[in-house]
Amino acid sequence: MSDVQRLLQGKIPGAATGIEVKKSICAICDPLTQCGLDLYIQDGRIIKVEGSKENPYSKGTLCSKGASTRQYVYSDDRIQTPLKRVGPRGEGKFEPITWDEALDTIASQLKQIKEQAGPETVGFFAGYAKFFRPFLKRLAHSFGSPNYMTESSSCYQAMSMAQKLVFGRPGGPDIMRADCLLVWSANPFHANPGNGRAIQNAKERGMKLIVVDPRVTPTSALADLHLQLRPGTDGALALAIAHVIIKEKLHDQDFVASYTYGFDEYKEYVQAFTPAKGEELTGVPASKIQEAARMYASVKRAAILPSASSVVHHTNGVQNYRAVFALAGLTGNYDVLGGNLVNPPSFIHTPGLIPTREHDFVQSRPWSDMPPRIGADRFPVWMDIIDEEAQAMHLPEQIRTGSPYPVKALLGFGLNYRMWPDSEGFRKSLEMLDFFVNVDIFMTDTCKYADIVLPACTSVERSELRCYGAGYIVFTQPAIAPRYQSRSDIDIIYDLASRLGLDDPLFQAGLDASIDWILEPSGITAAELKKHPAGMFVPNPIKPQERKYREIDFATLSGKMEFKSKVLEKYEDKSGHAALPVYTPPKYSLEATPELAKDYPFILNTGSRLPMFVHTRTFRLSWTSSLRPNFPSADMNPTDAVRLGIRQDDTIRIITPKDAVSVKANLTGMVQPGVIHMYHGHQAADVNRLFEEDYLDPLSGFPGFKSALCKVEKADERVVL
Ligand SMILES: Nc1nc2c(c(=O)[nH]1)N[C@H]1C(S)=C(S)[C@@H](COP(=O)(O)OP(=O)(O)OC[C@H]3O[C@@H](n4cnc5c(=O)[nH]c(N)nc54)[C@H](O)[C@@H]3O)O[C@H]1N2
Ligand SMILES: Nc1nc2c(c(=O)[nH]1)N[C@H]1C(S)=C(S)[C@@H](COP(=O)(O)OP(=O)(O)OC[C@H]3O[C@@H](n4cnc5c(=O)[nH]c(N)nc54)[C@H](O)[C@@H]3O)O[C@H]1N2
Ligand SMILES: [Mo]
């Protein structure tokens with residue numbers, strides 16, 4: 001073998017082999033901060049993928065999904081050209097068209113609908129993908145529509161709402177400096193490896209770890225204390241912990257006296273939540289409740305790591321999380337180093353400590369100059385508290401009923417109807433639209449309902465701006481040319497802005513100029529960032545500061561931290577939203593609906609993250625799916641399985657009053673008896689069919705994905721999955 005052959009075999013970069021290493025980031029999953037990629041490129045094709053050591057978040061590591069980048073990029077399911085539907089909706093018959101024809105058709109349809117029915121009848125939607133969102137929101141508002149919507153109608157915003165109701169400004173856990181971390185429902189070892197590493201490092205220096213999770217997970221396995229509650233009982237547990245803290249005078253009396261509103265009524269309310277009552281309501285032993293209260297409240301600095309989804313995927317989710325976040329106020333751990341520190345978002349929700357003008361960029365027209373957002377009547381607290389977007393969970397109903405005004409067209413970027421509860425119902429609503437465009441990387445079932453489908457490219461084929469903590473920022477450049485005719489979502493948005501004739505100077509000036517405008521307060525430009533392909537630290541990061549509330553009031557109506565919400569006081573009579581973080585069991589539960597629970601005795605908890613899958617994205621890759629054979633499956637405790645005569649990998653039916661799905665049984669002690677856990681989004685067994693469209697938290701509109709009632713039957717052996 002010649003030297004060059006050997007170098008080629010080793011995929012060694014250099015002039016001899018023609019192999020070049022280019023920097024990019026992986027956006028296969030999108031927890032805001034992204035892992036850095038070193039892509040080995042030969043003749044314009046990626047031949048090898050490694051993690052970038054420079055990336056401060058991933059530090060050279062990649063998970064199974066990032067390691068599968070080549071399978072993702074070179075998948076046969078990629079959409080190759082713009083497509084026009086030629087068959088009935090859903091059938092999947094399309095004809096290729098040119099980009100010019102596609103964009104002209106979209107622009108002329110949207111303009112016509114705007115003229116005839118008003119700009120608000122056009123919805124703009126982003127699925128889980130995040131990098132283009134600021135630009136899509138600006139497009140919607142510059143067009144005149146208040147209906148910019150995202151997947152955050154079922155993710156993040158309700159957690160944020162709970163924090164905003166308590167503190168005004170949300171605070172994130174300062175894991176690096178915490179003496180105790182209360183992980184309230186997250187499992188970062190599967191869902192956010194960067195946080196997993198941070199927890200492991202902090203444990204090594206002696207940080208105490210409490211994990212509140214109904215399942216046994218890699219995170220709970222590391223914990224000093226695991227509180228294994230019944231799903232959806234988080235509020236009761238938090239109130240019982242508060243009971244112990246107050247009773248044992250472990251709370252921060254100075255903070256409570258000077259900076260809080262409603263403490264006396266809250267104190268009175270938690271009286272009833274004795275540890276014994278807590279045990280009865282949650283299943284967590286009273287002694288562990290006491291131990292957790294002491295562990296969290298007696299250290300100097302304690303932080304809470306919340307989840308963007310699990311606690312708020314319940315019909316009582318926001319109230320439950322208010323009770324949890326109240327603990328940070330009670331113990332004076334809000335906005336302190338090592339506690340829940342407030343760092344303003346830099347770009348796309350990331351508290352990067354980088355000063356930007358994102359808010360002014362995205363809100364190109366004030367809400368007051370536009371008609372009410374979708375969901376405004378039904379979720380008024382959302383409209384009071386959530387500044388970013390409309391509540392998309394109301395979209396299927398508003399399309400169907402035309403009330404309070406019709407929705408005629410949707411411009412979707414990665415819209416996936418299986419994200420919603422009653423996914424079948426939403427699929428049918430999509431058929432009622434006058435005009436539907438979907439932009440996606442892959443041909444999905446949702447795309448089959450669109451009039452026009454556009455091919456998006458992946459992160460390695462485009463430019464995107466990402467901010468990381470500690471003032472690190474990346475503006476990637478395409479590492480390979482976009483495959484086929486695919487394009488970056490941002491380019492599509494800018495082209496549409498131009499064809500829609502929007503009088504918007506930043507859209508006219510282009511992406512680099514827009515980025516310069518957004519980053520102006522940080523003193524860096526797109527040109528400067530391009531010189532640092534793996535990213536750079538900004539010259540003037542914002543210094544983290546604690547206890548800012550001493551100078552500026554809390555952004556609540558009282559100007560204080562609120563044990564009792566003044567916003568909710570407004571709605572107490574009208575909508576029955578309690579102003580205290582009152583605990584009520586999930587809408588469908590043994591406690592609330594005992595009759596229903598007789599026929600449907602299991603709690604159905606859906607969507608706990610698996611390390612190799614991201615929603616619907618990586619089922620199609622053989623590398624990732626090989627890590628989870630016999631999928632789709634549902635997890636059940638072996639004691640339940642034995643009782644029902646179910647063995648590992650048997651086909652079972654999961655049945656709710658709404659519908660049923662068939663899956664394989666996966667027997668595991670990770671889950672409690674009486675609870676069935678199932679992953680969401682799979683084409684062959686879409687668990688979201690089992691939820692009613694209006695099974696929502698009345699405060700946030702978030703679906704109760706983690707507490708429906710179901711029954712389980714062993715399926716007829718002839719059912720083939
Ligand atoms: N039952 C149940 N349902 C849930 C959840 C649950 O826990 N249980 N979780 C909820 C939560 S928290 C979330 S965040 C949502 C996520 O739900 P979705 O938004 O549906 O998530 P994905 O399937 O990741 O992405 C949707 C589409 O975006 C496409 N896509 C990927 N990257 C890009 C891109 O760069 N550009 C474009 N245009 N398209 C792209 C993908 O191919 C996919 O078809 O699901 C929610 N639904
Ligand atoms: N690999 C992978 N990573 C992902 C994603 C993915 O699809 N795949 N999705 C991303 C997205 S969109 C999100 S929102 C995040 C979610 O990130 P996480 O919230 O960290 O992950 P989950 O597994 O959804 O939920 C965490 C834990 O909540 C527990 N849980 C379920 N119900 C309850 C409850 O009622 N109370 C309490 N206290 N705990 C409960 C589950 O058992 C689970 O172990 O992950 C992100 N990261
Ligand atoms: Mo999410």
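Me: Why is M161 called buried?

Reply: The relative accessible area of M161 is 0%, and because buried means under 20% (exposed means over 50%, partly exposed lies in between, with a 1.4 Å probe and protein chains only), M161 counts as buried. Its place is in helix α6, residues 157-167, where a helix is a DSSP run of H or I with at least four residues, numbered from the N terminus. This is a predicted model, in which local features need pLDDT of at least 70 and side-chain atom pairs count only at pLDDT 80 or more, while totals for chains, interfaces and linings use all residues. Residues are numbered from 1 along each chain as its sequence is written, chains are lettered from A and ligands numbered from 1 in the order in which they are written, and side-chain values use heavy atoms, with hydrogens and water left out.

Me: What makes the pair of F691 and F705 edge-to-face?

Reply: The structure holds 35 aromatic pairs, and a pair requires ring centres of Phe, Tyr or Trp (its six-membered ring) within 6.5 Å, with planes under 30 degrees apart counted as stacked, over 60 as edge-to-face and the rest as tilted. The ring centres of F691 and F705 are 5.5 Å apart and their planes meet at 80°, so the pair is edge-to-face. Both F691 and F705 are buried.

Me: How do you know that H314 has a polar contact with ligand 2?

Reply: A polar side-chain atom of H314 lies 2.6 Å from an oxygen atom of ligand 2, and a polar contact is a pair of N or O atoms within 3.5 Å (within protein, one must be able to donate a hydrogen and the other to accept it, and residues adjacent in sequence count only if both atoms are side-chain atoms), so the pair qualifies. The protein buries 96% of the 900 Å² that ligand 2 exposes when taken alone, areas that come from the Shrake-Rupley method with a 1.4 Å probe.

Notes. Helix = DSSP H or I, 4+ residues; strand = E, 2+ residues; numbered from the N terminus.
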